[in-house]
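Hello,

Here is the structure you are taking over. Please have a look, then read the notes below.

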Amino acid sequence: MRIDWRNLGQALGLTLASAMVWGIAHLVAGRTRTGLVLAGAYTLLLGTVFTAVAALRFALLDLVVRPNWLTGLIATALAIGFCWSAVIISSYRVVRPAGLGRVERGIGTGAVALLCLLVAVPMAFAGRLAYVSRDVLLTVFDGGTHRPDPWAGKRRVNILLAGADAAGNRPGARTDSVTVASVDTRTGDTVLFGLPRNLEHVPMPPGPARDAFPWGFTGDGDEATPGLLNEVYQWAEDHPRIAPGPPKDRGMRLLRDTVSGILGLRIDYYAMLDMKGFAQIINAIGGVTVTIRQDIPYGLEGGVLQAGRRRLDGRQALWYGRSRTDSDDYVRMGRQKCLLNAVAKQADPMAVLRGFEQIADATKRYVTTDVPQDMLPAVLALSEKIKTAHIRSLQFVPPLVNTAHPDWDLIRREVATALRPQRPGHSRHPARTPQPSPRPSASPGAAQSLDRIC
């Protein structure tokens with residue numbers, strides 16, 4: 001059978017043209033009224049999209065973290081994909097030559113189906129992203145009342161970042177990583193205050209917890225048995241009568257109030273990430289590059305994270321941040337700050353988009369936070385400032401602080417000093433030069449630039 005490629009090619013060419021500009025095939029076929037209606041609808045659609053993007057480009061961050069807008073985006077994306085596919089099919093039908101053979105009809109149908117697929121897939125992908133985003137917002141974040149400028153009159157926002165480790169050989173979870181990020185809301189300049197997990201006899205906030213531990217936290221032991229900072233979260237979870245509230249929330253609230261008292265800072269929000277989720281997020285963004293100062297034994301198989309500039313996957317990054325072999329808690333804390341700094345600097349939008357569903361899954365399963373939905377646009381905008389801002393780290397570890405007998409007044413004074421506005425080029429310790437190592441004790445009492453340390 002001889003295939004009439006000329007007529008079939010013309011029909012498919014007009015169909016392709018109509019997929020790009022609605023109505024062309026109908027106008028050529030003499031369906032003038034339908035063609036003009038389709039062309040007008042296409043012009044209206046493009047004009048609406050371009051106008052919306054131009055008018056709302058500064059509000060996009062605000063819109064993409066609002067469930068109602070995301071629901072509308074899902075419906076719009078699916079409707080556009082359906083209508084566009086219908087236009088393609090209708091265009092082919094009005095220009096398809098009569099008398100096509102079976103093979104020609106099959107070729108034409110396949111080509112039209114491919115065009116519909118090329119149009120529908122991006123719309124379905126956009127709808128899927130909106131659906132996943134909406135699911136995360138409703139699962140992780142509580143609703144709130146919209147505030148046009150949540151940073152109005154607020155020079156700094158303080159966020160408690162806790163890393164929880166639920167090991168298989170013990171019940172519950174311990175917050176082995178406790179950091180407060182104090183962020184300048186105008187510039188994004190950030191100071192990270194790191195508290196070691198083994199701080200003893202930490203003062204409890206006023207109320208039932210302080211009544212239970214008037215001389216500092218001892219956990220389920222007594223005054224002679226050290227209770228460590230990393231036990232506060234799980235202790236609150238296990239004692240709802242003394243730390244009331246829903247599960248997970250009561251533990252984080254007591255930890256937040258405890259850390260607030262230690263640092264002398266009001267903690268505005270908190271976020272806790274299980275270490276398993278951290279590894280999943282690192283994998284989702286394609287890994288993270290860090291400088292390893294010395295070989296780190298890796299895993300139980302005898303592997304080693306070798307010194308040098310390395311690209312780490314999620315499991316390797318988790319080991320880099322957790323390992324204490326041939327080091328100590330304080331060196332590990334320094335590595336954790338370097339890891340946070342690297343993720344903040346390297347998580348580009350395309351990497352996040354590629355791993356979006358993995359990140360969303362990890363967020364739903366492993367993140368607990370009290371940041372409300374209405375704050376998310378402001379938080380996202382602030383995170384963009386942080387990526388290009390100056391990040392410093394101050395860790396309360398020996399020799400600055402004796403973890404068995406901490407000087408709480410000293411800690412609060414150091415925090416206040418670190419947050420004082422500094423003149424350009426001014427340093428609290430001008431004679432000291434931070435060493436190229438994540439060991440925080442290189443310059444005790446001075447908040448050091450993570451870009452220089454790491």
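P244 is exposed, with a relative accessible area of 58% (exposed is over 50%, buried under 20%, partly exposed in between, with a 1.4 Å probe and protein chains only). P244 sits in the loop between α8 (232-238) and α9 (249-263). Helices here are DSSP runs of H or I with at least four residues, strands are runs of E with at least two, and both are numbered from the N terminus.

A word on the source. This is a predicted model, where local features need pLDDT of at least 70, side-chain atom pairs count only at pLDDT 80 or more, and totals for chains, interfaces and linings use all residues. Residues are numbered from 1 along each chain as its sequence is written, and side-chain values use heavy atoms, with hydrogens and water left out.

Next, helix α11 (residues 314-322). Its buried residues are G314, A317, L318, Y320 and G321. They lie on the same side of α11, because they cover an arc of only 160° around the axis (taken from the directions from the helix axis to the C-beta atoms). They pack against α10 (275-284), β5 (288-292), β6 (296-298), β7 (303-305), β8 (308-312) and α12 (329-346). At the start of α11, a side-chain oxygen of D313 comes within 3.2 Å of the backbone nitrogen of R315.

How do α11 and α12 pack? Their angle is about 140°, and their axes are 7 Å apart (axes are lines fitted to C-alpha atoms, for helices over the stretch in contact, and angles run from 0 to 180 degrees between N-to-C directions). That makes α11 oblique to α12 (under 35 degrees is roughly parallel, over 145 roughly antiparallel, 65 to 115 roughly perpendicular, the rest oblique). A317, Y320, G321 and R322 of α11 meet R332, R335, Q336, C338 and L339 of α12; contact means heavy atoms within 4.5 Å.

R332 is in helix α12. Buried or exposed? R332 counts as buried, at 7% relative accessibility. A polar atom of its side chain lies 3.0 Å from the backbone oxygen of R322. Leaving aside neighbours within four places in sequence, R332 touches D176, R197, G321, R322, S323 and R324.

Last, α10 and helix α14 (residues 356-366). Their axes come within 9 Å and cross at roughly 170°. That makes α10 roughly antiparallel to α14.

Best wishes

Definitions and conventions
A polar contact is a pair of N or O atoms within 3.5 Å; within protein, one must be able to donate a hydrogen and the other to accept it, and residues adjacent in sequence count only if both atoms are side-chain atoms.
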